[in-house]
Amino acid sequence: LHGDVTEVPTEAVPEHDLLTAGFPCQSFSRTGEIGGLFAAENEHVLLPAAALLEAVVGASVHNADELARAGGVPPTCRLLRRCAGALSRESGAVAEPRARLLPHLLRTLRHAAASDDCAAALTRDADAIGALGDVVRAMHCRQLPGVLDAAVGAAAALCARRPAQLALASAGALWPAVHLLAIYDFTLDTG
């Protein structure tokens with residue numbers, strides 16, 4: 001462990017392909033201002049991490065299986081819940097870090113649904129079951145098209161799994177889906 005990372009000599013950093021670290025603790029420090037995990041100054045760390053998680057889980061069902069085996073489904077769902085919990089039907093602030101983070105997490109959930117292990121974890125853990133309800137909540141955010149699109153994709157993938165179907169139905173997924181179908185323009189461009 002090192003105190004100030006800026007004082008670590010370059011030679012002390014081992015050769016690596018990808019170097020990762022924990023998120024910055026400044027916003028949680030008792031000596032400074034406490035901005036929290038979703039403070040604007042943390043977005044430069046959170047967005048790339050969420051995009052990397054989405055890309056890795058989406059690259060192969062084996063990666064999704066590994067996410068489940070490593071116990072990564074519940075923490076991913078907890079993060080998704082914290083992001084979705086801040087949204088409402090009136091949310092329109094695309095500048096809000098959670099609104100930009102949420103589509104990555106919803107697409108990660110969509111990719112994870114292809115894994116039997118992840119699908120099982122999504123219906124076992126309380127946070128994961130709650131996250132299915134938050135998928136439905138995100139389906140109500142028509143004013144945030146990226147969030148809505150990712151939520152519909154996650155719900156569609158999760159509907160391939162019987163236990164997830166029941167959880168989504170219990171959370172009320174049918175009504176926003178019917179509403180979206182009713183307002184969707186099915187006109188095809190033949191030009």
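Predicted model: local features only at pLDDT ≥ 70, side-chain atom pairs only at ≥ 80, totals over all residues.
Trainee: What do we call the orientation of H6 and H7 to each other?

Mentor: Angles over 145 degrees would count as roughly antiparallel, and 65 to 115 as roughly perpendicular. At roughly 135°, H6 and H7 are therefore oblique to each other.

Trainee: Which residues make the contact between H6 and H7?

Mentor: From H6, look for Leu132, Val135, Ala138 and Met139. H7 brings Val147, Leu148, Ala151, Val152, Ala154, Ala155 and Leu158. By class, this contact of H6 with H7 has 11 nonpolar residues, with no polar and no charged ones.

Trainee: How does H6 cross helix H8?

Mentor: Use the angle and the distance again. Helix H8 spans residues 162-170, and the axes of H6 and H8 come within 9 Å, crossing at roughly 55°. These two helices are therefore oblique to each other. H6 passes H8 in a right-handed crossing. On the H6 side the contact is made by Leu132, Val135 and Val136, and on the H8 side by Ala164, Ala167 and Leu168. The classes are six nonpolar residues, no polar and no charged.

Trainee: How do the residues divide by class where H3 meets H6?

Mentor: Let's set the geometry out before the classes. Helix H3, residues 73-84, packs with H6 at an angle of about 40°, and the axes are 8 Å apart. The crossing of H3 past H6 is left-handed. H3 contributes Pro74, Cys77, Arg78, Leu80, Arg81 and Ala84, while H6 contributes Asp127, Ala128, Gly130, Ala131, Asp134 and Arg137. Those residues divide into six nonpolar, one polar and five charged.

Trainee: Is Thr108 buried or exposed, and which residues is it in contact with?

Mentor: To read burial, check the relative accessible area: under 20% is buried. Thr108 has 1% relative accessibility, so Thr108 counts as buried. You will find Thr108 in helix H4. Leaving aside neighbours within four places in sequence, Thr108 is in contact with Ala50, Leu53, Glu54, Val57 and Thr76.

Trainee: And Ala99, is that residue buried or exposed?

Mentor: Try the cut-off again. Ala99 has a relative accessible area of 8%, so Ala99 is buried. Ala99 is also found in helix H4, which runs over residues 97-112. Sequence and space can be read side by side here: Ala99 and Cys83 are 16 residues apart in sequence, and their C-alpha atoms are 7.1 Å apart in space.

Trainee: Stepping back, how many helices and strands does the protein chain have?

Mentor: Count the elements from the N terminus on. The protein chain has nine helices and zero strands, and the order of its elements is α-α-α-α-α-α-α-α-α.

Trainee: What can I say about burial, surface and contacts for the protein chain?

Mentor: Take them in turn. Of its 191 residues, 36% count as buried. The protein chain exposes about 11500 Å², and carbon and sulfur atoms supply 58% of that area. Finally, look at the contacts with a separation of 6 or more: residues 24 or more positions apart account for 66% of them.

Terms used:
Residues numbered from 1 in each chain as written. Heavy atoms only, no water. Helix = DSSP H or I, 4+ residues; strand = E, 2+ residues; numbered from the N terminus. Buried < 20%, exposed > 50% of the residue type's maximum accessible area, 1.4 Å probe, protein only. Contact = heavy atoms within 4.5 Å. Areas by Shrake-Rupley, 256 points an atom, 1.4 Å probe, with all protein chains shown as cover. Axes fitted to C-alpha atoms, helices over the stretch in contact; angles between N-to-C directions. Parallel < 35°, antiparallel > 145°, perpendicular 65-115°, else oblique. Nonpolar A, V, L, I, M, F, W, Y, C, P; charged D, E, K, R; others polar. Left-handed = near helix turned anticlockwise from the far one by under 90°.
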